[in-house]
Amino acid sequence: MGFLDRFLKTPSWGVHPEDHKRPAADVALRIFPTPERIFMPLNQHVGGMARPIVMVGQKVLKGQLIAEAQGNISAPIHASASGTISAIGEVTAPHPSGLPFKAITIDSDGADRWIDTDPLVDPFSAAPEEITKRTAAAGVVGLGGATFPAAPKFALGKRLKVKTLIVNGGECEPYLSSDDRVMRDFPEMVIDGARLVMHAIGATEALVGIEDNKPEAIAAMRKAAAAFPEVKIRPLPALYPMGSDRQLIKVLTGIEVPSDARAAETGVLVHNVSTCAAVHKAIRLGQPLVERIITINGGAIANPGNLFAPLGTMIGDLFAFVGLKEAPSRLILGGPMMGTPLLHDRIPIVKGASGILAFNAVEAHVPDAGPCIRCGSCTKACPMGLLPLEMAARIKVGDLEGAEAYALQDCISCGCCAYVCPSHIPLVQYFSHAKGELTAAERTKLRTDATKRLAEAKAARIERENREKAEAAARRKAEREAAKAAAATPATTEKQGVSA
Amino acid sequence: MSQSYGIAVAAPHTTTSNNPGRIMTLVMLALAPATLYGFWLYGWPAFFLWAITIAAAMSGEAFSLRWQNRSAAPVLQDGSAILTGWLLAVSLPPWAPWWIGVFGGLFATMLGKQAFGGLGQNLFNPAMVARVALLISFPVQMTAWVAPAPMFSAGAPGMLEGLLIVLKGVPHSFDAVTSATMLGFGKTELSRGINLLESLPHAPALSFIGNRPGSLGETAALLILAGGVAMMFLRIITWHIPLSMLAGIAIPAAILHAVDPSRYLDMGAHILSGGAMLGAFFIATDYVTSPNSPRGQLIFGFGCGALTYVIRTWAGYPEGVAFAVLLMNSMTPIIDTYFKPRIYGRDSKGKPLQTTN
């Protein structure tokens, strides 16, 4: 029965990487004391960079707005410590390029004094728009890693009449346990946050998907959700990438999101458990998003576990707190399957940072790539049903359009193919490269098309002007001739008249 | 503390412990019982021919790599050349002369594989390319089968004698043991106008435990099957190609045998004879030369089976697995193009699904 159940319900895609979540996931949450200096990047979300509204030397309180949202898709930034603004300058971005980006530096006064908060007393009798407005003002973004601002997503869900909210507690990435910890330690916050999101978008039910490798989280969440029948806890088979929204929607509801549509268009919306907890804090406590739970894990860490840390803390400060056993051979922001490699540890943590991994030499070892033996492991693993080997074969010889014909743009870069490849071919690298090239080519084409259109318009205009000039000249000539003729004709008429 | 962590590499930052060498090793282990049984059944000459063929296949690969100024050792370690030689060896007559093994082994890895660009690049199964080249070039040696003379039994050649048989040819004292396989025998008799109902009682007996003339990989059908099932459990192969290939042979065989038993051999004879089992589990399932999608694999397998039956029944050769597999190999790119798996969020033609809300 159990076996048959498993056989029928487990999707055919995905991989089972060793999860390495424990023992870090089982260590009690530790509170990271506010460091002396905080670096709050202005771009911790998808969309427009926030605009600083403070000046160097100004005193700020914890939770005070220091940079406001700019544009439709953006999020404000708040101070994560009380203290003095000491600089508005550049720090290294949490990005593989290691390029700098703008950040506000705060010298902490060590007091952690909060700004006066303004909680919403009875949110369920407030208008849904009020929830959305306050979520936007609190700078809440998707904490699963996508960092898409939460409020525009609420508005979209409301507009498209979404009925089902899916709360993503999958956390399928190995090593990470920050969502697990949120669900174990603050299940009431998550459930209340989910109910607030339901209210904001007008959903009638919430499905909380949690992978079955987190039994403690499932138990805690079940207990917290017991009073709310509209919030259903749904254990999921532990399978990567279960936390990917399209796969999660399919497994939980059976709905397959069309390749050219957004999830909301099919009546479901996905939000991460940590995002729900952040919404709870924003509405019930009036606290903006300035802190988060972050997993520090990997073979090079002496005491791996989860830390509750202010945003903008340097990764190096976190390492000093948990201790390093050895110099890490690789640093990763996020999980090992999709995470971003970091060049050094003088990089601040941002809203979307669910974990920092410091791998030792053994974990960081990646075997050299060999030839493709067409074993098809990648096609079996691909959660989108793509043919990675065919796409890679085309990209390798520069046939990007050929790869595009195999629906390269549907690739979600989950890394399953590259993970299972026995020849260790860096398939995701191929696909990211090709997608970038194709986007660049598309942009160039648009630009060329626009230039061509303008040039054609100019040629047409010149032609038209010349034609008009010629016509005008012809007309004038005709008029002159007519005038000349007219000048001549009256004489004749006169003559005739005279003769008559 | 500020330290640099080297160059940025693309995600994922973790990978499987699987590798081509492991896959090839497991395939060889799955093939080992049938091969060992074959050694016992046909004696020392079979063992020496096997060793010579593998050595030739490896030399061919090494030579081709050195020719391209590449170091041979790391490539040879993936085991693919050994497996190619091994598969070729178990499809040869067990007492074939040494130069059959040498020619076949060199042909398989040099022209069948490295000429295309090495592992993963070849369109045709290298072992079958070599087997067909041998069959066409040396039809006499390639159809001289011996009746089993189990190792250490009375009349079986000893180790030194076995080596001499492979190197210098079968001495006259052993001539009596050469005979035809069941497929060959039936075909010859049919061509002489003797129908199967009359000829079969005199045919070499068909036996599950393999006590009959044939190649190493042909006679021990049960051990081949066991190896194939083991590979399925280890998830090296799926059921699609083996099952559809056997069905492609069995279905026409069953129908035509029911129609005219005097003209057409029965299903069991077809499945257990020749390279059907070896082909279904070990040859047609070759990753490089078979389609990737499950539907494509079903079509490919059935095509291999049906073509095998057609060649065996109506064409000039008594056995057709090698030809059938090569013909279907050439179809693989076409099958891969037309039978792709459905993409998430798209219909089977690749168009986005309709929005339901």
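Which domains does the domain assignment give for chain B? Chain B is divided into domain 1 (20-179) and domain 2 (216-336), the bounds being those of an automatic or database domain assignment. Before selecting them, keep in mind that this is a predicted model, in which local features need pLDDT of at least 70, side-chain atom pairs count only at pLDDT 80 or more, and totals for chains, interfaces and linings use all residues. Residues are numbered from 1 along each chain as its sequence is written, while chains are lettered from A and ligands numbered from 1 in the order in which they are written.

**The two domains of chain B**

Select domain 1 and domain 2 of chain B, whose centres, taken over C-alpha atoms, are 21 Å apart. Between them, 28 residues of domain 1 of chain B are in contact with 25 residues of domain 2 of chain B, contact requiring that the C-beta atoms, placed from the backbone, lie within 7 Å. On the side of domain 1 of chain B that touches domain 2 of chain B, two or more residues come from each of α1 (20-42), α4 (80-89) and α6 (126-137) of chain B, and α1(B) gives the largest share, 12 residues. Helices here are DSSP runs of H or I with at least four residues, strands are runs of E with at least two, and both are numbered from the N terminus. By class, this side of domain 1 of chain B holds 21 nonpolar, six polar and one charged residues, where Ala, Val, Leu, Ile, Met, Phe, Trp, Tyr, Cys and Pro count as nonpolar, Asp, Glu, Lys and Arg as charged, and the others, Gly among them, as polar.

**Around α4 of chain B**

Next, select α4(B) together with α1(B), whose axes come within 9 Å and cross at roughly 25°; axes are lines fitted to C-alpha atoms, for helices over the stretch in contact, and angles run from 0 to 180 degrees between N-to-C directions. The two helices α1(B) and α4(B) are therefore roughly parallel, since angles under 35 degrees count as roughly parallel, over 145 as roughly antiparallel, 65 to 115 as roughly perpendicular and the rest as oblique. Pro20(B), Met24(B), Val27(B), Met28(B) and Leu31(B) of α1(B) form this contact with Ser80(B), Ile82(B), Leu83(B) and Trp86(B) of α4(B), and its residues comprise eight nonpolar, one polar and no charged.

With α6(B), the axis of α4(B) comes within 8 Å and crosses at roughly 40°. Select Thr84(B), Leu87(B) and Leu88(B) in α4(B), which meet Pro126(B), Ala127(B), Ala130(B) and Arg131(B) in α6(B).

**Across to chain A**

Showing both chains, one finds 60 residues of chain A in contact with 38 residues of chain B. The elements that each supply at least two residues of the chain A side are β15 (330-333), β16 (340-342), α14 (416-420) and α15 (427-499) of chain A.

Finally, select the open sheet of chain A, in which four strands run in the order β2-β8-β7-β4 with antiparallel pairing, two strands being paired if DSSP finds at least two bridges between them. β2(A) pairs with β8 (residues 100-108) of chain A over five bridges, and Ile38(A) has Ile106(A) in β8(A) as its bridge partner.

Technical notes
Contact = placed C-beta atoms within 7 Å.
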